[in-house]
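Student: I would like to go through the side-chain packing of this protein with you. Could we look at the model together?

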Amino acid sequence: MNPEKDFAPLTPGIVRALNDKLYEKRKVAALEIEKLVREFVSQNSTAQIKHVIQILSQEFALSQHPHSRKGGLIGLAACSIALGKDSGLYLKELIEPVLTCFNDSDSRLRYYACEALYNIVKVARGSVLPLFNVLFDGLSKLAADPDPNVKSGSELLDRLLKDIVTESNKFDLVGFIPLLRERIYSNNQYARQFIISWILVLESVPDINLLDYLPEILDGLFQILGDNSKEIRKMCEVALGEFLKEIKKNPSSVKFAEMANILVIHCQASDDLIQLTAMCWMREFIQLAGRVMLPYSSGILTAVLPCLSYDDRKKSIKEAANICNQSLMKLVIPEDDENEFKQPTAAPQVETEQDKPLSKQEMASDGGLDVSNDSSFSSAGDFIQTSSTERIQVTLNLDGIVQVLDCHLHDPAIGMMTRIAVLKWLYHLYIKTPRKMFRHTDSLFPILLKTLSDESDEVILKDLEVLAEIASSPAGQTEDQGPCDGSETHPGQLELRVPPPTKTGQAGSPGTKGMECSPSTPTMNSYFYKFMINLLKRFSSERKLLEMRGAFIIRQLCLLLNAENIFHSMADILLREEDLKFASTMVHTLNTILLTSSELFQLRNQLNDLKTLESRNLFCCLYRSWCHNPVTTVSLCFLTQNYKHAYDLIQKFGDLEVTVDFLIEIDKLVQLIECPIFTYLRLQLLDVKNNPYLIKALYGLLMLLPQSSAFQLLSHRLQCVPNPELMQTADDSKTSPAAKTSAATTAIDYAELLQHFEKVQNKHLQVRHQRANRGETLDRRAIL
């Protein structure tokens, strides 16, 4: 500093003392400056005051000499004290040079700058608020200062500034938010702590509505929640908790839509605390905002679905995700299936008692939503209104949702509970929005069929529910299908051609009880037959699936759909099956299900008495396919009480190749005859006169069996058949039930059926011979 320079009105003594290295001398100079400025204030000499501040700022506080800068800082603080309430007129000139010193490399100088600013702010109080952003910016840097003394001084200044903001009603929140949004992404722990402390303060001030600007800082808050410091994480958790309380109290003023994607991102975080907090927020958002969240459904599902398969280590996240999933599913309503031009109006979320997250006291507070006890949603309910007449319109992004669900089903790494949830979603969408969902059916169909090979029975059950809904929904009926005889498919189903109905399957009848369309019942949608074809193809390509789960799958389908349609259509398809070995195996499986499953009780009763046209048509359809397996054909005749035809079939067995598998099947049939399912058959053995062919058929089976346990079992049973003469009574003139059944089935051409049986068995014999010849040729080649 040039000693010759004129610093008037500062005296040479004041100038020397301000430049002194000793703090005490600089303090004496500051007291002199204070007196001097007070005189100027009393004289109302504004020009002189500005001149003194300018000298202290330019020549001292911004000087290259460290001691001069220290003197300038204490001098500026003295000016502020002298100015008192008038210091607000000169705040910019007083504060700017002090803030510049915050960046000084000397820690002592930064401390003095902090001390000087504290004194300036203490005097000015609320007058500093127009300069709050620059003060906050400077303080945020000092909060991360490595020197503990500087940090301690900044904390005092910080508390003072917080007190001023808290007691003032002139805080410019709009101007502050951009700076807060920028600083909130700091990675420094102390800076983060400083930011959170300010957010907590601003949140506590009644006149400051920070909730309006939450979308600006929410992402940063979740970033801070992942800090390594437990103290900072706790502070951030508290801040987020306070925001969530405010959201619950005043949902009508919350910008849910602007924060939805932020939550979606953090619901997928690797940090457990961040993920749990974000998931809890998402849960509240869905329940409070209702259908406003629907446009973000695909993102929400992307985040939520994987969490449903978490183990007990993440139980809290899993539970929150489960509530999110269920609440979101409830938002989809039938009105979403309407034409896109008639979009449903945003409806309030209606919660059941168990889903309701808020206490009655909170819900009764001002601005709370009215929550009814109805579990359905109105398509025209009132919700968040941007003005008194404008309502938010929401659209269900079905394409995005289906894409997410499809991706999760294709992902082999997802857990069982996630797969179940995906299938529940698909089922729900087919129920609520069938018309729109059938646009996606062709793309979903392959993965739904593939899911039948899942390891979990529960997943398979849900998958079957979806497939059954697709196969039975009226929305799946194509407009150009005509009589729905299965001869045509939807334009998008060109890869599959539905074969024409069989000769026996053409006799439709109004007495079919409104059954879904099968080859002979023209009321099923176009996907039913496609489903049956593809299911059999899958069984054919995955024999293990047929062996392990085939019976389970078919039994469940019989519960979900019409059992007669299933057996009728499968029999019709198997009639055209080129792989005869598979056809035989599949017929054996279907026959076992038919004879043993409780789900098929009604169908067995229908076949047990062939009095109606429908039952006779069904018998003939099953018979033609059952011919792929001779023993199952006989069992079908036993079930339908066609004992003479059963005897005729057994007579043909002498022309067949008797293999070990063939004998095993006869053994199993004998075991079945002893089961409750054939109780009526065993009782008919008492009526020897009217059931001669039943006894002959059983003796025929006995003659086919080798000396085995099954032979002994059937032999003992036949030994119990009474002598006809001993069984004669006065009522013998009446027609027996078996005779009545025989009379009722005279409409069936049994000779034609027998010819069909011989034709099918000849095909099987030719195939076996071809295989044997191929094997012999291979053996010869091996020898050569």
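Student: Which residues form one aromatic cluster with Phe-132?
Tutor: This is a predicted model. In it, Phe-132, Phe-136, Phe-171, Phe-176, Phe-194 and Trp-198 make up one aromatic cluster.

Student: How many aromatic pairs does the count come to?
Tutor: The count is 25 aromatic pairs. One of them is Phe-132 with Phe-136: the ring centres are 5.8 Å apart and the planes are at 35°, so this pair is tilted.

Student: How many residues apart are those two in helix α7?
Tutor: Phe-132 and Phe-136 are 4 residues apart in helix α7 (residues 132-142), a separation of about one helical turn.

Student: Buried or exposed, those two, Phe-132 and Phe-136?
Tutor: Phe-132 is buried, and Phe-136 is buried as well.

Student: What about Phe-256 and Phe-285: at what angle are their planes?
Tutor: Their planes are at 90° and their ring centres 4.9 Å apart, so Phe-256 and Phe-285 form an edge-to-face pair.

Student: Where in the chain do these two lie?
Tutor: Phe-256 belongs to helix α13 (residues 256-266) and Phe-285 to helix α14 (residues 272-289).

Student: Changing topic: which ring does the charged end of Lys-696 sit over?
Tutor: The charged end of Lys-696 sits over the ring of Tyr-647, at 5.5 Å from its centre. Elsewhere, Arg-26 lies over the face of Tyr-112, 5.6 Å from the ring centre.

Student: And where is the place of Tyr-213?
Tutor: Tyr-213 is in the loop between α10 (189-204) and α11 (214-224). Its relative accessible area is 23%, so Tyr-213 is partly exposed.

Student: What does Tyr-213 touch, leaving aside residues up to four places away in sequence?
Tutor: On that basis Tyr-213 touches Leu-173, Val-174 and Ile-177. Also, the C-alpha atoms of Tyr-213 and Lys-255 are 8.8 Å apart in space, while the two residues are 42 apart in sequence.

Student: Last topic: what volume does the largest pocket have?
Tutor: The largest pocket has a volume of about 650 Å³. It is lined by 22 residues, and the closest to its centre are Ser-584, Thr-659, Asp-661, Glu-665 and Arg-768.

Student: Which elements give two or more residues to the lining?
Tutor: Those elements are α26 (580-596), α29 (630-639), α31 (660-673) and α36 (750-783).

Student: What is the lining of the largest pocket by class?
Tutor: The lining has 7 nonpolar, 8 polar and 7 charged residues.

Definitions and conventions: Residues numbered from 1 in each chain as written. Predicted model: local features only at pLDDT ≥ 70, side-chain atom pairs only at ≥ 80, totals over all residues. Heavy atoms only, no water. 1 Å grid on protein atoms, 1.4 Å probe; cavity = no way out; pocket = protein on both sides within 12 Å on 5 of 7 lines; lining within 4 Å. Points joined across faces, edges and corners; volume = space filled by probe spheres on them. Nonpolar A, V, L, I, M, F, W, Y, C, P; charged D, E, K, R; others polar. Phe/Tyr/Trp six-rings, centres within 6.5 Å; stacked < 30°, edge-to-face > 60°. Buried < 20%, exposed > 50% of the residue type's maximum accessible area, 1.4 Å probe, protein only. Lys NZ or Arg CZ within 6 Å of the ring centre and 35° of its normal. Contact = heavy atoms within 4.5 Å.
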